Amino acid sequence: MSARAAWTTAAAYLAFFLLPFGWLVLTSLWPDAELARALPSRLTLENYAAALRGGGLARAVANSLAVGTATTAVALALAAPAAFAVARLEFRGRGLLLGGALAISMFPPIATASPLYVGLRAVGLLDTLPGLVVPYTSFSLPLALWLLTSTFRALPGELYRAARVDGCTPFGAFRRVLLPLAAPGLATSALLVFAFAWNELLYAITFISTPARRTVPMALALFGGEFRDPFVVLAAASTLATVPVVLVAVVFQRRVVAGLTAGAVKG
Amino acid sequence: MTAVARLELDSVTKAFAREAVALRGITLAVGDGELLAVVGPSGCGKSTLLSIVAGLDAPDGGDVRIDGRSVAALSPRERDVAMVFQSYALYPHMTVRRNLAFPLEVAKVPRGEIEARVAEVSDLLDLRALLARRPGELSGGQRQRVAVGRALVRRPKLFLFDEPLSNLDAALRASVRAELKKLHQRLGATFVYVTHDQAEAMTLADRIAVLRDGRLEQVGTPREVYAAPATAFVARFIGSPQMSLVPPSVLGLPPRAAQVGLRPEDLALRRDEGAAALDARVWLVEPMGPETWVTVEREGAHLVARCGPEFDAPPGTRVRLAFDPARLHWFDAAGVRAPAPG
């Protein structure tokens with residue numbers, strides 16, 4: 001493919017993904033009174049002020065950040081040692097573990113919502129943020145486990161063996177040698193888990209009833225109930241809700257690239 | 001600098017479910033600052049043997065002893081052995097200094113002691129200028145030295161080398177090989193050195209163990225193994241160019257054994273019409289510089305002769321073969337060395 005064709009394709013691709021977002025941003029700056037016009041005569045930040053009024057959205061962003069961060073931390077802390085064990089250690093039922101994880105990730109969330117509701121109520125986590133972290137973690141674990149297993153498998157086996165001969169226990173070899181080298185895979189997994197937790201709506205809307213504990217998707221979904229015809233305000237709120245995920249993505253993407261180029265085991 | 005250990009393997013067996021590689025009863029003793037080279041073709045089990053000694057793999061049967069004590073139940077860290085890997089297995093996220101210090105940090109050696117030992121090893125191996133670099137910034141030879149340094153820094157009882165030169169280019173290999181031999185002489189430590197390269201084994205080793213399909217074919221000094229190979233396999237594996245193995249009739253000999261072998265240096269090619277000589281045709285001429293390897297064909301069999309540098313003849317040229325019958329190696333149908341007749 002020529003450079004020109006490549007650029008054209010890339011531009012078309014970017015337009016496809018960015019145009020809706022661009023339209024969202026434009027709408028968020030559109031004066032409410034001019035909504036009937038083809039294009040606004042001026043742009044305004046009023047909608048942002050309206051979206052932030054009352055602090056509900058800021059609260060939801062804080063809640064989602066907390067839930068997303070906790071989910072990411074717990075999921076990676078559980079998935080990384082498990083993936084290392086699957087990739088490097090010999091034990092019975094390795095295939096079963098991976099297959100089971102894959103099967104679990106295929107459950108439709110709606111089918112598990114009622115049993116989870118009952119379970120969370122039984123342990124007193126219903127309508128709490130930790131009550132979201134638990135199911136989010138269990139749903140993102142299979143993905144993280146699969147991603148990290150292939151990350152650990154891709155690391156040269158001799159590194160693990162060298163660490164063992166150098167005196168490390170199996171877990172020591174994991175912690176001191178393999179985990180730092182798995183940084184790119186960890187970053188990718190963290191990004192995907194965080195994005196999943198940030199975007200999840202079904203469980204949030206099922207388990208959370210207190211308005212102060214709403215997450216971002218919930219806050220946006222329930223916006224219409226609180227304001228009169230808040231189309232442009234909703235656009236402003238949606239724009240604000242997108243910013244944290246984009247920031248997280250940019251930060252982790254840098255880490256991914258840095259991790260990929262740092263290594264070089266043998267040349 | 002290093003304590004000297006004695007390593008004994010007693011009927012060690014190991015089988016893998018999905019791989020052909022297996023060890024079928026290895027009994028072997030190495031000790032007293034000896035350098036033992038374990039040599040064999042790929043898949044013969046030599047790397048598995050090393051893993052079992054290091055404690056990375058558990059044997060199915062038999063025992064491994066270091067200084068008379070069974071280590072079969074001990075983890076690698078309790079065995080006090082160091083290993084240099086084929087890929088060097090340097091930790092890419094650590095500097096050379098941290099790579100060297102790593103085994104000592106794991107063993108919780110005090111910081112001052114670590115610094116002193118890293119300095120000692122980097123002086124010995126000329127690594128001082130590289131201490132701040134990462135493995136990705138080093139050449140193959142430099143990485144190899146760091147890998148050796150990481151093994152040395154612990155002062156282990158026993159050093160294991162798994163094809164440490166096979167990732168180096170040919171020019172570097174000979175000089176690193178010489179460095180390793182000097183290092184072994186200087187340390188006086190016990191080395192077990194695995195390689196598929198018989199020349200490496202011959203030049204480095206005090207003794208050679210030839211392994212084939214998980215069995216030891218022969219253990220002996222390089223000279224013994226070369227002069228009196230115990231089997232036809234060893235005869236062909238050790239020495240370059242290979243020993244020629246042919247039915248006795250090809251050399252006009254009575255069929256006292258299934259095969260007769262002749263080293264290339266023991267076969268002379270004559271252009272004159274000697275009465276007792278056998279005739280053959282030149283099949284391939286390979287000038288090596290100081291000598292020329294000439295393959296000749298006789299009765300459908302090929303034999304190699306080591307000739308002088310000036311030897312040259314087009315394929316098909318008629319030559320006569322001359323050899324001393326006392327230099328022949330006889331092997332029976334199973335490939336086992338047979339006593340020389342007469």
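Phe159(B) stands opposite Phe191(B), which lies in the strand β8(B); here helices (H or I, at least four residues) and strands (E, at least two) are DSSP runs, numbered from the N terminus. The structure is a predicted model, in which local features need pLDDT of at least 70 and side-chain atom pairs count only at pLDDT 80 or more, while totals for chains, interfaces and linings use all residues. Residues are numbered from 1 along each chain as its sequence is written, and chains are lettered from A, with ligands numbered from 1, in the order in which they are written.

Together with helix α6 (residues 170-187) of chain B, the strands β7(B) and β8(B) make a right-handed β-α-β unit, where right-handed says that, with the strands pointing away from the viewer, the path from the first strand over the helix to the second runs clockwise.

In a regular strand the side chains alternate between the two faces of the sheet. In β7(B), Leu158(B), Leu160(B) and Asp162(B) point one way, whereas Phe159(B) and Phe161(B) point the other way, and all are buried; a residue counts as buried if 20 or more other C-beta atoms, placed from the backbone, lie within 10 Å of its own, as exposed if 12 or fewer do, and as partly exposed in between. Because 5 of the 5 residues of β7 (residues 158-162) of chain B are buried, this strand is largely enclosed by the rest of the structure.

Elsewhere in chain B, an open sheet of 4 strands has the order β2-β1-β4-β5, with antiparallel pairing. β2 (22-30) and β5 (69-70) of chain B stand at the edges of this sheet with a single partner strand each, so one side of each has no neighbour in the sheet. Strand β4 (residues 61-66) of chain B pairs with β5(B) over 2 bridges in the antiparallel sense, and Arg65(B) stands opposite Ser70(B) in β5(B).

His329(B) is buried, because 21 other C-beta atoms lie within 10 Å. Although His329(B) and Ser244(B) are 85 residues apart in sequence, they are 9.9 Å apart in space, C-alpha to C-alpha. Leaving aside neighbours within four places in sequence, the residues in contact with His329(B) include Pro229(B), Met243(B) and Arg337(B), where a contact requires that two C-beta atoms, placed from the backbone, lie within 7 Å.

Taken as a whole, chain B has 9 helices and 19 strands, and 40% of its 342 residues count as buried. Its C-alpha trace spans about 80 × 45 × 35 Å along its principal axes.

Chain B also meets chain A, in a contact that takes 19 residues from chain A and 21 residues from chain B. On the side of chain A that touches chain B, α7 (157-165) and α8 (170-181) of chain A each supply at least two residues, and α7(A) gives the most, with 6 residues.

Note on methods. Pairing = 2+ DSSP bridges.
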